[in-house]
Amino acid sequence: MQPSLTMTANQADLLARHLFPDDGCEAVALLLCGRRAGADRHRLLVRRIVPIPYAECSERKPDLVTWPTRYVDALLEEASRHDLAIVKIHGHRGYDRFSETDDLSDRSLFPGIAALTENDIHGSAIMMDDGRVFGRLVCPDGEFLPFSHVAVIGDDLKFYRGSGAKAVEPFGQRIAQSFGAGTYRQLRELRIAVIGCSGTGSLVIEQLARNCVGVLILVDPDHIEPKNLNRIVNSRADHAAAAAPKVDVQAQAIAAMGLGTTVETYCADLFDPDVVRAIAECDVVFGCMDSVDGRHLLNKLATFYLLPYFDLGVKLEADGEGGVDQVCGTVHYIQPGGSSLLSRHVYTAEQVRAAGLYRTDRAAYKAQLGLGYIRGVAEDRPAVIQLNALIASLAINELLARLHPYRLDPNSEYAIHRISLSHGIYEHLEDGPACAALARHIGRGDVAPLLDWAELSETEKAA
Ligand SMILES: [Zn+2]
């Protein structure tokens, strides 16, 4: 089991201000964390920060801090009720490891927390004065299990990993030449989910795999049809004849590349608890689908599980007889705690409801549509590979620019890319105000039902 810690850039800024005060002495804070308790990975997700006031510490020196543990006691009930983890974090200047004093204090603090919360998985972390963060689980028997990485998700994407770097494989040399061996290794370690393996999705997958991403989780319930062959990369006539699952076609293509990417496939709907859990175990998510309710679910998932979310949209408006009105596309970068697709007015709450009805109860949807209560859901839109490829490439470049900032302007100015080929427009926009509807879900992690979404309730399954 691989433990890790993830926080937003805002949370990291808040911590840095508290942990490195002007007096130069050490300080400490507690992190209340949601979890994605997976089989392979155990992600701790910062939900709330509790800074221990300097004046409450009995002793503070440049290399030592003694603080009252009643601040832990105050969190135990909440942690126990919501199965949250408690992570202690303190600051080090220059000294990039746990000291013997840290070991002693962790071994005395955590067994009690484990006993009182009835969960063994809690941790201890250190933030360095240069912003790096590392940490470990502290097991009740006194063993330490280092975090595989600490992620800070903001305009830039930071994944702090321990040493033990592997050599760059021959097929990775051009990537390492472009972005450096460090970024290549980051790509190698990333676990990325792609939802939708059709027009834009297949091109996103192709580029992620050729950028040597370590693990790809592919989700799509559909099968290849002849009408897909004009734009799904790696699809063939024999796939259409056999109605091969779209996820399988991509998985086979990636395996044939031989670049060492591991693939997990879900030939399933996004509204499936197993699929939600698999995505929540990732580091990054790409949404490559049309459905409004699917996009809304992903945005919510990204908030609960602190995932950076790249949303791709293409629009080709044509009259079906050769008349083309509009050819455009967008890439949205959504970060937890920032604005959302909803607050950016990509869709409305009413459209989310209509799309949900369309998916789950087609008769009710038609009735409501007939009565004029809802607006129709777009079906079977025109699509071409050259537009999909443009938007897919823009999204992959966006990921790279956030892992390895290289633009003249800061990444904060690229929350939205918008291209219109028909109107000759390319623009990039900065993020708007935080989404009030999603802010309260930051870092909640696993809850029942998942994402507070009634449709993901598992009571039936358990019965
Ligand atoms: Zn220390």
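These legends walk you through close-up views of a predicted model.

**View 1. Helix H5 meets helix H7.**
Start with two helices: H5 covers residues 199-210, and H7 covers residues 246-257. Their axes come within 10 Å and cross at roughly 25°. Angles under 35 degrees count as roughly parallel, so H5 is roughly parallel to H7. The crossing of H5 past H7 is right-handed.

**View 2. The residues between H5 and H7.**
Now look at the side of H5 where Ser202, Ile205, Glu206, Ala209 and Arg210 sit in contact with H7. Their partners in H7 are Gln250, Ile254 and Met257.

**View 3. An open sheet of 8 strands.**
Trace the strands in the order E14-E13-E12-E15-E16-E17-E18-E19 and you will find mixed pairing. At the edges are E14 (262-266) and E19 (425-429), each pairing on one side only. From one strand to the next, the twist averages 10°.

**View 4. Strands E15 and E16 together.**
Strands of a sheet pair through backbone hydrogen bonds, and they can do so in parallel or antiparallel fashion. Here E15 (residues 284-287) and E16 (residues 309-318) run parallel, joined by 3 bridges. Find Phe286, and opposite stands Phe310 in E16.

**View 5. Helices lying across the strands.**
H5 returns here, lying across E12 (191-195), E13 (215-219), E15 and E16. The helix H5 runs at about 165° to E12. Helix H9 (residues 292-304) lies across E12, E15, E16 and E17 (324-334). Against E16, the angle of H9 is about 165°.

Note on methods. Residues are numbered from 1 along each chain as its sequence is written. This is a predicted model: local features need pLDDT of at least 70, side-chain atom pairs count only at pLDDT 80 or more; totals for chains, interfaces and linings use all residues. Side-chain values use heavy atoms; hydrogens and water are left out. Axes are lines fitted to C-alpha atoms, for helices over the stretch in contact, and angles run from 0 to 180 degrees between N-to-C directions. Helices (H or I, at least four residues) and strands (E, at least two) are DSSP runs, numbered from the N terminus. Angles under 35 degrees count as roughly parallel, over 145 as roughly antiparallel, 65 to 115 as roughly perpendicular and the rest as oblique. A crossing is left-handed if the near helix is turned anticlockwise from the far one by less than a right angle, and right-handed if clockwise. Contact means heavy atoms within 4.5 Å. Two strands pair if DSSP finds at least two bridges between them.
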